[in-house]
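My notes follow in the order in which I checked things.

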Amino acid sequence: LTSLSLSSNNLSGRLPSSYGKMTDLQYLFLFSNQLTGSLPVEWGEMTTLRGLDLFDNNLNGRLPSSYGKMADLKIISLFSNQL
């Protein structure tokens with residue numbers, strides 16, 4: 001799996017830390033849902049990720065330092081959250 005798009009699906013709850021095990025994932029789109037909680041530290045293991053769209057949710061906290069390992073990340077959208 002290289003791309004996962006679950007945007008605008010009325011998803012709720014916390015972001016699954018297990019997504020960090022998808023080490024071949026390049027694009028993750030979860031925008032316009034009702035997701036809550038903080039960004040999982042484990043997601044820093046997705047080192048091939050190029051695009052991460054999480055805007056328009058109810059996320060809070062800070063960007064984990066582990067995200068610094070995402071050397072291929074070109075686009076990250078986090079607006080309309082409480083980060």
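**Sheet.** I began with strand 2 and strand 4 (residues 34-37), which run parallel and are joined by three bridges. Strands here are DSSP runs of E, at least two residues long, and helices are runs of H or I of at least four, all numbered from the N terminus. Two strands count as paired if DSSP finds at least two bridges between them. Within this pair, Ser12 stands opposite Gln34 of strand 4. I then noted the whole sheet: it is open, has three strands in the order 2-4-6, and its pairing is parallel. Strand 2 and strand 6 (58-59) are at the edges with a single partner strand each, so one side of each has no neighbour in the sheet. As a reminder to myself, strands of a sheet pair through backbone hydrogen bonds, either parallel or antiparallel.

**Source of the values.** The model is predicted; local features need pLDDT of at least 70 and side-chain atom pairs count only at pLDDT 80 or more, while totals for chains, interfaces and linings use all residues. Residues are numbered from 1 along each chain as its sequence is written, and side-chain values use heavy atoms, with hydrogens and water left out.

**Ser7.** I looked up Ser7 next, in the loop between strand 1 (3-5) and strand 2 (12-14). Is Ser7 buried or exposed? Ser7 has a relative accessible area of 14%, so it is buried (buried is under 20%, exposed over 50%, partly exposed in between, with a 1.4 Å probe and protein chains only). Its side chain reaches two backbone atoms: the oxygen of Phe29 at 3.2 Å and the nitrogen of Phe31 at 3.2 Å. A polar contact is a pair of N or O atoms within 3.5 Å; within protein, one must be able to donate a hydrogen and the other to accept it, and residues adjacent in sequence count only if both atoms are side-chain atoms. Leaving out residues up to four places away in sequence, Ser7 touches Phe29, Leu30, Phe31 and Asn33, where contact means heavy atoms within 4.5 Å.

**Phe31 and the rings.** Phe31 and Ser7 are 24 residues apart in sequence, yet 4.8 Å apart in space, C-alpha to C-alpha. At 23% relative accessibility, Phe31 counts as partly exposed. Beyond four places in sequence, the residues touched by Phe31 are Ser7, Ser8, Asp53, Leu54, Phe55 and Asn57.

I counted aromatic pairs and found four in the structure. In the pair of Tyr27 and Phe29, the ring centres are 6.2 Å apart and the planes are at 15 degrees, so I list it as stacked. Rings of Phe, Tyr and Trp (its six-membered ring) pair if their centres lie within 6.5 Å; planes under 30 degrees apart are stacked, over 60 edge-to-face, and the rest tilted. Phe31 and Phe55 are stacked too, because their centres are 4.6 Å apart and their planes at 5 degrees. Phe31 is in the loop between strand 3 (27-29) and strand 4, and Phe55 in the loop between strand 5 and strand 6, so this pair ties together parts 24 residues apart in sequence. Ring pairs also link Phe31, Phe55 and Phe79 into a cluster.

**Phi.** Most residues other than glycine have a negative phi. I noted Asn10, not a glycine, with a positive phi of about 55 degrees; it sits in the loop between strand 1 and strand 2 and is exposed at 60%. Asp56 has a positive phi near 60 degrees, lies in the loop between strand 5 (51-53) and strand 6, and is partly exposed at 39%.

**Core.** Which residues have the most contacts inside the largest nonpolar core? They are Leu15, Leu28, Leu30, Trp43, Leu49, Leu52 and Leu54, in a core of 16 residues. A nonpolar core is a set of buried Ala, Val, Leu, Ile, Met, Phe, Trp, Tyr and Cys residues joined through side-chain atoms within 4.5 Å. I listed the contacts of Leu15 beyond four places in sequence, among them Leu30, Leu35, Trp43, Leu54 and Leu59.

**Salt bridge.** The structure holds one, between the side chains of Glu45 and Lys69 at 2.5 Å, N to O. The cut-off is a side-chain nitrogen of Lys or Arg within 4 Å of a carboxyl oxygen of Asp or Glu. Glu45 is in the loop between strand 4 and strand 5, and Lys69 in the loop between strand 6 and strand 7 (75-77), 24 residues apart. Glu45 is partly exposed at 40%, and Lys69 is partly exposed at 43%.
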